[in-house]
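Subject: Structure for your review

Dear colleague,

Please find below the structure that I am handing over to you. My findings follow it, grouped by region.

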Amino acid sequence: MQVTYTTNDIPLQTRRQYWQEVVSKTYYSLDLRFPSTRDFNARLGAWSMGPVSVSRNIANGLLYKRHERHLLSEREESFLITVPELAEIRFEQDGKVVHCRPGAFLIERSHLPYEFSHQDPTALWCLKIPSAVLRARISRPERLATLQFDASRSVGALFVDTLRLSGERIEEMDETARTMMGKHLIELLAMAIESDDRVLTGHSSSVRNGHLLRCEQFIRARLDDMRLTPQMIADGCGISLRYLHQIFEGEGLTVCAYIRNQRLSMCDALLRDANCRESISEIAYQWGFADQAQFSRNYRGRFGCTPSEARAISRTANS
């Protein structure tokens, strides 16, 4: 689905209220402030690409505020990857302030209050990803909020170039191609993030986090293997079994819990994919769950609903 909004034909006296409604509908509930006394002009194009949504937002100076009250009715967390063009943007969340200029991109969390602003007219590319979808590829993405990443070279530039190109070619793609393109964008984003040394910093030393990242990558590459065990992971990553357990304990979970959560996230992404025609039992088996009843219990414990309820909700939303 593709939609376009513009203020061109909206009366000046109702233009700002109209744009408040457009932004909240496209992203999530926000308050907008319009610092300029000039006539406000804006244009926004938005489209869905399988598991993600993409938008290009062109507007005069604005201040976006996400308050605690906006979070009360929001059940599903999402992450917003924002790429500024033309002007610098300011973002503040969880006590951290970042100024992001063109040539970089930053990551925002929907489930924490924040302020986002730009004084000058600018164009923003935004990629909105549901938390469950992003967590299936990047563990603990909440640690990335307020970080900005280089988009001027290497994989970061490739990610942004692909994001821009998707907007130019979206009308030429069918639903299957759009879904595949959305998955490619997530993969490129993950590659850009994982190539940044700061991702290796966390609760422990960079060396330890380097081992953690390699273990996570090893696990994700073999999630569909029911024979996957902690010993196999330790051997594959060249560390002892004891050290493997210590690494994950430092993150507040066990190795087996991490494997289970990753498998559940992959299942959840398929259950919410409108183009997926596999049965629930086939999806569970594909991602390492041999016991259907156990899968359903684990899924409900993680996501708060049964697999069949999640699929029904997704199909209703996409119908």
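I begin with a facing pair of residues: F91 stands opposite F116, a residue of strand 10. Please bear in mind throughout that this is a predicted model.

The sheet

Strand 10 covers residues 114-118 and is joined to strand 7 by four bridges, the two strands running antiparallel. Both strands belong to an open sheet of five strands, whose order is 2-5-10-7-8 and whose pairing is antiparallel. At the edges are strand 2 (31-33) and strand 8 (96-100), each of which pairs on one side only. From one strand to the next, the twist averages 15 degrees. As a general point, the strands of a sheet pair through backbone hydrogen bonds, in either a parallel or an antiparallel manner.

Helix 1 (residues 12-26) lies across strand 2 and strand 5 (62-66). Its direction makes an angle of about 140 degrees with strand 2.

Aromatic residues

Searching the whole structure gives 14 aromatic pairs. One of them is formed by F295 and Y299, a tilted pair with 5.9 Å from centre to centre and 55 degrees between the planes. These two residues are four apart in helix 11 (residues 292-303), which means that about one helical turn separates them. F295 and Y299 are both buried. Y299 also pairs with F303: the ring centres are 4.7 Å apart and the planes stand at 45 degrees, so this pair is tilted. Y299 and F303 are likewise four residues apart in helix 11, about one turn of the helix, and F303 is buried, as is Y299.

Two residues with positive phi

Most residues other than glycine have a negative phi. L86 is not a glycine, yet its phi is positive, at about 80 degrees. L86 is found in the loop that runs between strand 6 (78-85) and strand 7 (89-93). T146, also a residue other than glycine, has a positive phi near 75 degrees. T146 lies in the loop between helix 3 (131-135) and strand 12 (148-150).

Are these two residues buried or exposed? L86 has a relative accessible area of 70%; a residue counts as exposed over 50%, and L86 is therefore exposed. For T146 the relative accessible area is 11%, and since buried means under 20%, T146 is buried.

Helix 4 (residues 154-169) has 16 residues. From its first C-alpha to its last it reaches 22 Å, close to the 22 Å expected at 1.5 Å a residue. Which residues of helix 4 are buried? They are V155, G156, A157, F159, V160, T162, L163, S166 and G167.

E175 belongs to helix 5 (residues 175-194). With a relative accessible area of 40%, E175 is partly exposed. Along the chain, E175 and G45 are 130 residues apart, and their C-alpha atoms are separated by 18 Å.

Yours sincerely

Notes. Residues are numbered from 1 along each chain as its sequence is written. This is a predicted model: local features need pLDDT of at least 70, side-chain atom pairs count only at pLDDT 80 or more; totals for chains, interfaces and linings use all residues. Side-chain values use heavy atoms; hydrogens and water are left out. The expected span of a helix is 1.5 Å times one less than its number of residues. Buried means under 20% relative accessible area, exposed over 50%, partly exposed in between (1.4 Å probe, protein chains only). Rings of Phe, Tyr and Trp (its six-membered ring) pair if their centres lie within 6.5 Å; planes under 30 degrees apart count as stacked, over 60 as edge-to-face and the rest as tilted. Two strands pair if DSSP finds at least two bridges between them. Axes are lines fitted to C-alpha atoms, for helices over the stretch in contact, and angles run from 0 to 180 degrees between N-to-C directions. Contact means heavy atoms within 4.5 Å.
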